[in-house]
Amino acid sequence: MVAQGKIARFWSLESLHMVSTGGGTESSALVDDNVSEEDYSYEDLCQASPRYLQPGGEQLAINELISDGNVVCAEALWDYVTMDDQELGFKAGDVIQVLEASNKDWWWGRNEDKEAWFPASFVRGYIQQCRKHTGMFTAAQLATIFGNIEEIFTFQRKFLKDLEKQYNKEEPHLSEIGSCFLQHQEGFTIYSEYCNNHPSACMELAGLMKQVKYRHFFEACRLLQQMIDIAIDGFLLTPVQKICKYPLQLAELLKYTTPEHSDYSNIKAAYEAMKNVVCLINERKRKLESVDKIAHWQVSIVGWEGLDILDRSSELIHSGELTKISKQGKSPQRTFFLFDHQLVSCKKDLLRRNILYYKGRADMDSMTLLDLPDGRDRDFNLCVKNAFKLVSQTTGEVHLFCAKKQEDKERWLQAFADERRRVQEDREMGMEISENQKKLAMLNAQRAGQGKAKGYSGCPVPPPHQKLLPIHQRHIPVPTSLPQ
């Protein structure tokens with residue numbers, strides 16, 4: 001029980017969780033007062049006092065909060081079973097009041113009616129231990145390895161709390177959990193950032209694990225916290241596996257829920273909502289992979305002019321050869337690449353046909369597509385076959401294109417329709433690639449191209465065309481690898 005007028009602070013991983021218990025005021029300069037339930041990160045404390053950045057800063061912060069008269073509580077991350085009367089046993093999720101934290105390994109605390117020592121490591125994680133070893137890990141490395149896993153932890157804790165409220169312990173068959181998923185469906189999108197970052201995390205971790213000291217360090221962290229025998233990469237895979245399992249679990253729950261059940265409609269809606277969440281995550285991951293390939297493609301094009309292709313586009317939809325006809329006459333055959341928002345024209349080298357030169361591009365957002373029948377075209381006064389037009393909505397300029405075969409023309413017409421639909425879907429789903437991700441993709445592509453003559457070597461292979469199935473038909477992949 002927290003005394004009236006006090007502020008209870010819950011210490012878990014890197015956050016202090018405050019719960020106001022009365023009309024008292026808070027005089028500490030570390031945090032703002034008058035809050036009901038809010039998280040304060042360790043970084044917030046460090047900004048208030050740089051002393052907390054030093055080794056042992058966390059311990060110092062806790063002791064100062066206690067000495068100021070605040071009630072500091074630690075949330076247990078794992079079960080701790082002990083037969084020693086001088087040690088405090090607890091289960092994961094139990095809240096322990098920290099009474100004294102002068103020892104870095106063992107804190108003195110109270111759980112229910114008992115006061116005893118408990119292992120401080122049981123309220124800490126990998127991230128916290130890594131942050132203490134600034135000589136081993138840079139801030140950038142930690143951001144790459146762990147991504148936004150702390151944000152996921154905070155979200156999942158709140159989701160679990162709400163889920164438990166909806167669970168009927170006495171009569172489980174009367175539980176109503178569908179609404180809980182619907183309430184939090186937008187929050188699940190934070191998994192997208194983590195899943196997109198996960199391949200980079202694996203690469204960074206694999207590089208570190210080549211050194212013995214890092215293998216020993218991560219194993220020591222695991223043993224210190226008495227975690228199950230899974231390597232850190234297995235733990236980091238868990239969020240990726242978890243988000244993909246929700247639709248499967250809800251589908252199974254729906255299968256055994258009768259339509260007459262009060263929660264049936266909500267479970268059905270939750271199933272569809274979580275399918276869409278996973279679909280969105282997969283789409284963003286696919287787009288991110290496509291961005292890297294497009295960046296490498298652009299670097300291989302000779303004489304590129306203007307903005308990078310990634311400034312407006314994120315995937316290749318179709319490519320092929322077309323003959324462009326202007327009022328001045330017939331142009332040589334060109335190779336065209338249709339991306340979302342843009343149509344890029346390239347010319348093949350006369351002697352080295354595997355080399356492409358940049359010739360220009362058209363803004364598809366301002367173009368109208370016209371299908372032409374075979375025969376004489378009035379605008380150009382020419383007989384055309386397998387032709388179509390792109391007309392600029394802003395300038396009125398007309399671009400006439402001819403394909404070699406009728407089936408080639410049909411593929412282009414379908415590709416233009418797919419491009420417009422794709423742009424609309426991306427807009428509705430809020431699908432955007434961050435500027436940092438674009439810049440990083442271009443930087444990596446340029447580095448990979450260094451040392452090659454004039455920035456290219458061999459045929460510039462375009463990124464693979466995307467199979468543009470409607471959103472609801474796209475497959476939700478379930479990870480096949482399990483942590484060993």
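Which residue does the side chain of Arg-420 meet in a salt bridge? I began with this pair, keeping in mind that the model is a predicted one, and I found that the partner is Glu-419, with N and O 2.7 Å apart.

**Entry on the whole chain.** I noted that the protein chain has 12 helices and 16 strands, and that 45% of its 484 residues count as buried. I also looked at the contacts between residues at least 6 apart in sequence, and 58% of these join residues at least 24 apart.

**Entry on salt bridges.** Side chains of opposite charge can pair when their charged atoms come close. I therefore went through the pairs with the cut-off of 4 Å between nitrogen and carboxyl oxygen in mind, and the count came to 21 salt bridges.

One of them joins Lys-409 to Asp-371, and their closest N and O atoms are 2.7 Å apart. This pair links distant parts of the chain, since Lys-409 lies in helix H11 (residues 406–429) and Asp-371 in strand E12 (residues 367–371), 38 residues apart. I checked the cover of Lys-409 as well, and with a relative accessibility of 4% it counts as buried.

Another salt bridge is formed by Lys-389 and Asp-377, where I read 2.8 Å between the closest N and O atoms. Here two strands are linked, with Lys-389 in strand E15 (residues 387–392) and Asp-377 in strand E13 (residues 375–377), 12 residues apart. Both Lys-389 and Asp-377 are buried.

I also traced a network of salt bridges that links Glu-283, Arg-286, Lys-287, Glu-315, Asp-418, Arg-421, Arg-422, Glu-425 and Asp-426.

**Entry on cysteines.** How many disulfides does the count give? I found zero. For Cys-195 the reason can be read from a distance: the closest cysteine sulfur, in Cys-244, is 6.3 Å away, which is too far for a bond, because a disulfide needs the two sulfur atoms within 2.5 Å. Cys-195 is buried, with a relative accessible area of 6%, and Cys-279 also counts as buried, at 5% relative accessibility.

In soluble globular proteins, nonpolar side chains tend to be buried together. With that in mind I looked up the largest nonpolar core, which has 41 residues, and noted that Phe-137, Phe-146, Phe-181, Phe-188 and Ile-243 touch the most other members. Several helices each supply at least two residues of this core, among them helix H3 (126–132), helix H5 (149–166), helix H7 (190–208) and helix H10 (264–300). Which helix gives the largest share of this core? That is H9, with eight residues.

I then followed Phe-188 and left out residues up to four places away in sequence; Phe-188 touches Phe-155, Gln-156, Phe-159, Phe-181, Ile-243, Tyr-246, Met-274, Val-277 and Ile-281. Lastly I noted a second, separate core of 20 residues, which includes Leu-288, Val-291, Trp-297 and Trp-304.

Terms used
Residues are numbered from 1 along each chain as its sequence is written. This is a predicted model: local features need pLDDT of at least 70, side-chain atom pairs count only at pLDDT 80 or more; totals for chains, interfaces and linings use all residues. Side-chain values use heavy atoms; hydrogens and water are left out. Buried means under 20% relative accessible area, exposed over 50%, partly exposed in between (1.4 Å probe, protein chains only). Helices (H or I, at least four residues) and strands (E, at least two) are DSSP runs, numbered from the N terminus. Contact means heavy atoms within 4.5 Å. A nonpolar core is a set of buried Ala, Val, Leu, Ile, Met, Phe, Trp, Tyr and Cys residues joined through side-chain atoms within 4.5 Å.
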